Amino acid sequence: MAVNFSESKTKENLMRAFAGESQARNRYTIAAKKADDEGMHTIADIFRYTAEQERAHAERYYNLLKSMAGETIHIDGGYPVDLQDDLAGLLRAAEHNEHEEYEDVYQAFGDTASEEGFHEVASAFYQIAEVEHIHEIRFARLAKLLEEDSYYGGGDVTKWICTNCGYIHEGNQAPKYCPVCRYEQGYFLPYEFACYKGDE
């Protein structure tokens, strides 16, 4: 059933999604500062990397509201307060929120948009939901490494990259300091999370 966009539930869902993505971006930026303060610079980088993707999602949803420019959209909604004392807790909270967006929220929003005849919006909800699922998996894997105290060694990770200079270390544990640039261990990233790895 096609409905007028200005009278649609989809319009409100887009604004809810915009608000949610904007808040996620800020939560991850705040989490990144905590990680930096604890010397876990690569965890901070991953939070900031994900925050920038949330900004892109927010921008997409906001642009889909263009026909409402100059108007105010009133919404209600619930948003999490994810203040945790440790990084693993922050990662688990992020994992949970990404899972909810992937499995529940954006699927429902996409279904509503489709029912109301807004197929481009529905597609955006479904596609961004898949990205949130990738975020969920990444946060879960990082949390597990921290919980098992194997982020820098002792687990199945045997390769790390220094995110400052690009040195790749192989062994049972990441070095305390990079032998190339002398940056501390907090700049070593388990290689499985490295971008632009090139050929193996």
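This is a predicted model: local features need pLDDT of at least 70, side-chain atom pairs count only at pLDDT 80 or more; totals for chains, interfaces and linings use all residues.

Reader: How do you know that the count of disulfides is zero?

Author: A disulfide needs two cysteine sulfur atoms within 2.5 Å. The sulfur of Cys162 has its closest cysteine sulfur in Cys181, at 3.7 Å, so that pair is too far apart for a bond. For Cys195 the closest cysteine sulfur is that of Cys162, 15 Å away, which is again too far. By that rule the count is zero.

Reader: What makes Cys162 buried and Cys195 partly exposed?

Author: Buried means under 20% relative accessible area, and partly exposed lies between that and 50%. Cys162 has 2%, so it counts as buried. Cys195 has 43%, so it's called partly exposed.

Reader: Why is Asp149 called exposed?

Author: The cut-off for exposed is over 50%, and Asp149 has 66% relative accessibility, so it qualifies. You'll find Asp149 in the loop between α4 and β1. Its phi is near 55 degrees, a positive value in a residue that isn't glycine.

Reader: And what makes Arg182 exposed?

Author: Arg182 has a relative accessible area of 54%, so it counts as exposed too. Arg182 sits in the loop between β2 (168-170) and β3, and its phi is positive as well, about 70 degrees, although it's not a glycine.

Reader: Why are β2 and β3 called edge strands?

Author: The sheet is open and has three strands in the order β2-β1-β3, with antiparallel pairing. β2 and β3 each have a single partner strand, so one side of each has no neighbour in the sheet. Neighbouring strands are turned by 30 degrees against each other on average, ignoring direction.

Reader: How do you know that β1 and β2 pair?

Author: Pairing takes at least two bridges. β1 and β2 run antiparallel and are joined by three bridges, so they pair. Lys159 stands opposite Glu170 in β2.

Reader: Which residues touch the most other members of the largest nonpolar core?

Author: Those are Ile43, Phe47 and Tyr151, in a core of 31 residues. Elements giving two or more residues to this core include α1 (9-37), α2 (41-63) and β1 (159-162).

Reader: What does Tyr151 touch, leaving out residues up to four places away in sequence?

Author: Its contacts include Met40, Ile43, Leu142, Trp160 and Phe188.

Note on methods. Residues are numbered from 1 along each chain as its sequence is written. Side-chain values use heavy atoms; hydrogens and water are left out. A nonpolar core is a set of buried Ala, Val, Leu, Ile, Met, Phe, Trp, Tyr and Cys residues joined through side-chain atoms within 4.5 Å. Buried means under 20% relative accessible area, exposed over 50%, partly exposed in between (1.4 Å probe, protein chains only). Helices (H or I, at least four residues) and strands (E, at least two) are DSSP runs, numbered from the N terminus. Contact means heavy atoms within 4.5 Å. Axes are lines fitted to C-alpha atoms, for helices over the stretch in contact, and angles run from 0 to 180 degrees between N-to-C directions.
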